[in-house]
Amino acid sequence: MPEKNVPADYSEMDPLEAKRFDKMVRENFMPAVISTVKQLVEDYGVLEGIGIDIGCGTAIFAVELCRHSKLKIHALEKEKAIYQVACSNIENEGLTDRIIPVLGDANDLPFDSEFADFIISRGAYHCWEDKVQVFKEIYRVLKKEGIGFVGGGFGRYVTEEELNRMKNLRDHSLKEGAKAYSSPETIKEVISKVGISNFCILDDPAGYWAEIKK
Ligand SMILES: C[S@@+](CC[C@H](N)C(=O)[O-])C[C@H]1O[C@@H](n2cnc3c(N)ncnc32)[C@H](O)[C@@H]1O
């Protein structure tokens, strides 16, 4: 039997492929979504204000974050077919008043400066050709005292078994792209190049996150 793969050529997706991507993320990565949101609530309390989820995919993470926070979340996605599935997921969950889908590019965020209290990007960092530019944008759009959270961690509440299964599937699906999540060295360099000094790397067995404070 061929090894299972989650579609990872986002720009190639047609509507059917985008629905398949959504189904596979739900079937395989929900423990990471739940665990990461739990970690955020544990570390930051109940988040409120304006949130942005960059590279939100089909908004599965944004929905979970919305249910455990008071944020109004702008869920930004670059690929039209994926964005359209995000729109229907948000509608089906009855969350159109709390999650605003945005078709846009992380390189040129369609938001005013100092707009957001909390910016998260989960599992999209490996796609960014110009990582420095995206971090410049994140920093520009963050409010003073705002928090940015970027990475591909699975969240510290996953079991070892879940972690190994999801990590293997992620690495097999992303191929070369998975290297971006194997060590935080590059992300540290990128953030330093932008001139952001108030940041730290949260590195644990379930994967690293870069936390930026403005
Ligand atoms: C692996 S998916 C992660 C989806 C979601 N964040 C999650 O945690 O399930 C990466 C997503 O980032 C999107 N993406 C990649 N580069 C982007 C960019 N420059 N601007 C906006 N979205 C982007 C892709 O189209 C894809 O939907």
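**Entry 1: helix α6**

I started with helix α6, residues 185-194, and listed its buried residues: Ile187, Val190 and Ile191. They cover an arc of only 95° around the axis, so they sit on the same side of α6. I note here that the model is a predicted one.

Next I looked at the face turned away from that buried side. I found the exposed residues Glu185, Glu189 and Lys193 there. I then asked what the buried residues of α6 pack against. I found α4 (131-141), β6 and β7. Just after α6 comes Gly195, and I read a positive phi of about 90° for it.

**Entry 2**

I looked up β6, residues 199-204, and its link to β7. The two run antiparallel and are joined by six bridges. They form a hairpin, with two residues between them. Leu202 stands opposite Trp209 in β7.

I then took the pairing of β5 with β7. β5 covers residues 142-151 and β7 covers residues 207-213. They pair in the antiparallel sense, over five bridges. I checked Ile147 and found Lys213 as its bridge partner in β7.

**Entry 2: strand β4 and its neighbours**

I moved on to the other pairing of β5. β4 and β5 pair in the parallel sense over six bridges. Which residue of β5 is the bridge partner of Phe118? I found Ile147. Ile147 also has Lys213 as its bridge partner in β7.

I then checked β4 against β1. This pairing is parallel too, over three bridges. Asp53 has Ile120 as its bridge partner in β4. I also checked how covered β4 is. Six of its seven residues are buried, and I noted the strand as mostly covered.

**Entry 3: Gly51**

I picked Gly51, which lies in strand β1, residues 48-54. Is Gly51 buried or exposed? I counted 25 C-beta neighbours inside 10 Å, so Gly51 is buried.

I listed what Gly51 touches, leaving out residues up to four places away in sequence. The contacts are Leu65, Leu71, Lys72, Ile73, Ala116, Asp117 and Phe118. I also took one distance across the model. The C-alpha atoms of Gly51 and Asn198 are separated by 20 Å, and the two residues are 147 apart along the chain.

I went through the backbone angles. Ala59 has a positive phi of about 70° and is not a glycine. I placed Ala59 in the loop between β1 and α2. It has 27 other C-beta atoms within 10 Å, so I put it down as buried.

Glu114 also has a positive phi, near 55°, and is a residue other than glycine. I placed Glu114 in the loop between β3 and β4, the latter being residues 116-122. How many other C-beta atoms lie within 10 Å of Glu114? I counted 13, so Glu114 is partly exposed.

**Entry 4: helix α3**

I checked the length of helix α3 first. It has 13 residues, 80-92, and at 1.5 Å a residue these should span 18 Å. Its end C-alpha atoms are 18 Å apart, which agrees.

I then listed the buried residues of α3: Ile82, Tyr83, Val85, Ala86, Asn89 and Ile90. Seen down the axis, they fall within an arc of 160°, so they line one face of the helix. The face turned away from them carries the exposed residues Glu91 and Asn92.

I looked for what covers the buried residues of α3. The cover includes α1 (15-44), α2 (60-67), β2 (70-77) and β3 (99-103). After α3 comes Gly94, with a positive phi near 70°.

Notes: Residues are numbered from 1 along each chain as its sequence is written. This is a predicted model: local features need pLDDT of at least 70, side-chain atom pairs count only at pLDDT 80 or more; totals for chains, interfaces and linings use all residues. Helices (H or I, at least four residues) and strands (E, at least two) are DSSP runs, numbered from the N terminus. The expected span of a helix is 1.5 Å times one less than its number of residues. A residue is buried if 20 or more other C-beta atoms lie within 10 Å of its own, exposed if 12 or fewer, and partly exposed in between; C-beta atoms are placed from the backbone. The arc is that of the directions from the helix axis to the C-beta atoms. Two residues are in contact if their C-beta atoms, placed from the backbone, lie within 7 Å. Two strands pair if DSSP finds at least two bridges between them.
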